[in-house]
Amino acid sequence: MRVLSVIGARPQFVKAALLSAELAQRGIDEILVHTGQHYDREMSDVFFEELRLPVPAHYLNVGSGGHGMQTGEMLKRLEPVVQREEPDWVLVYGDTNSTLAGALVAAKLHVPVAHVEAGLRSFNRAMPEEINRVVADHVADLLLVPNENAAKQLAQEGVTRGVRVVGDLMVDLAMQAAAQIPARPPVLDRFGVKPREYYVATIHRASNTDDRPTFRRLLEGLRAADRPVVFPVHPRTREIASQEGAGDGDNLMLCEPLPYAQMLALLSQSAALFTDSGGLQKEAFVLKVPCVTLREETEWIETLEDGWNVLAGSDAAKIAAASRRPVPMRQGTPYGDGHAARNIVEALQERTASYAA
Ligand code: UD1
């Protein structure tokens, strides 16, 4: 079995870590393709080194651009690679433009598509990610969903064939990494903060960074928080954060995007997280850190159930208040059995065998 995996954006490097290792361990051929959607050292290379990902066999060097241009370049550059490599599967992760491009190229070449993190919905079609997810799911042959909720959602859309509940690669990695976090992580000293006496924030969604009044309301909420806020800044957010004076004489401590283990360590000791990232909502959940989501909706609805996560949108008063809520008492286990990588490989193998039969 030959699996061609398409990755390109930071969260996909994290998701690929355990699965690439599992494929390698079982002697299954993986052809790793990096689209180049993320290319800054701290958004890409650092993760390959830290998570010990194999060097990609193909680097498409697509870079940034509008959605049409970026996705179009990916389609153009990926098609000949898939034709040449003749994989049994093209595997895509999540909901980025790299996901969309990988799924479309494969489907058009009649190569089976496996979609990791299938079945998630925000029900907000204004999000580019929502379009990417829906399209990827509807051209995929194997829909690798984290839990029954995602499977039910697909069933509501008439998709029942090839759906497999496998758990969540990002949650599994976070659980493994959490066990390695030192009692007093050095990253706290860098920011001069003490355990539970600071917050962490990240903002990178287009709806939050590309609309100035929205971004201002988010800053207002963070500035009204009762503790210092460590704020690793995504490249997309750099310009507006600087124009709005974030970190100038306020409680915000801006820094570059942090490597995986440092980010997790910083998060683990924080009093709460403010974020519009999907992955970080789950990582906070795993680390039992209360999360305030800076969006009106979330795909990760299970994190809301016991109050670990609350939706604050861009309402400044809600944001500040939400960080002060009591830590919830209960927590379920909605993201699988800790063996998503194994479950995914087995699903691929079974499906490949059924094609051959
Ligand atoms: C992308 C995904 C988003 C995911 C996020 C994770 C899409 C539509 N969005 O958003 O779902 O949550 O990745 O980080 O695919 N830039 C750099 N250096 C880089 C990469 C980007 O400076 O290495 C800057 C560029 O100005 C670029 C902007 O960030 O225009 C946005 O990058 P892009 O890849 O279009 O989307 P993200 O916002 O990163």
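Start by selecting Lys-288, which counts as partly exposed at 47% relative accessibility (partly exposed lies between buried, under 20% relative accessible area, and exposed, over 50%, with a 1.4 Å probe and protein chains only). Before going further, note that this is a predicted model, in which local features need pLDDT of at least 70 and side-chain atom pairs count only at pLDDT 80 or more, while totals for chains, interfaces and linings use all residues. Residues are numbered from 1 along each chain as its sequence is written, and side-chain values use heavy atoms, with hydrogens and water left out.

**Two loops**

Stay with Lys-288: you will find it in the loop between α13 (278-286) and β12 (291-293) (helices, H or I with at least four residues, and strands, E with at least two, are DSSP runs numbered from the N terminus). Its phi is positive, about 55 degrees, although Lys-288 is not a glycine. Most residues other than glycine have a negative phi.

Now jump to Asn-61, in the loop between β3 (58-59) and α3. Here too is a positive phi in a residue other than glycine, near 55 degrees. Asn-61 counts as exposed, at 51% relative accessibility.

**The ligand**

Next, select the ligand and show what surrounds it: 19 residues, the closest being Gln-37, His-38, Asn-97, Glu-129 and His-204 (a residue is near a molecule if one of its heavy atoms lies within 4 Å of it). Zoom in on Gln-37, where a polar side-chain atom lies 2.8 Å from an oxygen atom of the ligand. At Tyr-39, look to the backbone instead: a polar atom there is 2.8 Å from a ligand oxygen. For His-204, display the side chain, which has a polar atom 2.8 Å from an oxygen atom of the ligand.

Taken alone, the ligand exposes 740 Å², and the protein buries 85% of that (areas by the Shrake-Rupley method with a 1.4 Å probe). Colour α3 (67-85) and α11 (235-243), the elements that give two or more residues to the shell. Then colour by domain: domain 1 (2-168 + 336-356) and domain 2 (177-322) each supply at least three shell residues, with bounds from an automatic or database domain assignment.

**Two cysteines**

Cys-255 is buried, with a relative accessible area of 9%, and Cys-291 is buried at 1%.

Conventions:
Polar contact = N/O pair within 3.5 Å; in protein donor to acceptor, adjacent residues only side chain to side chain.
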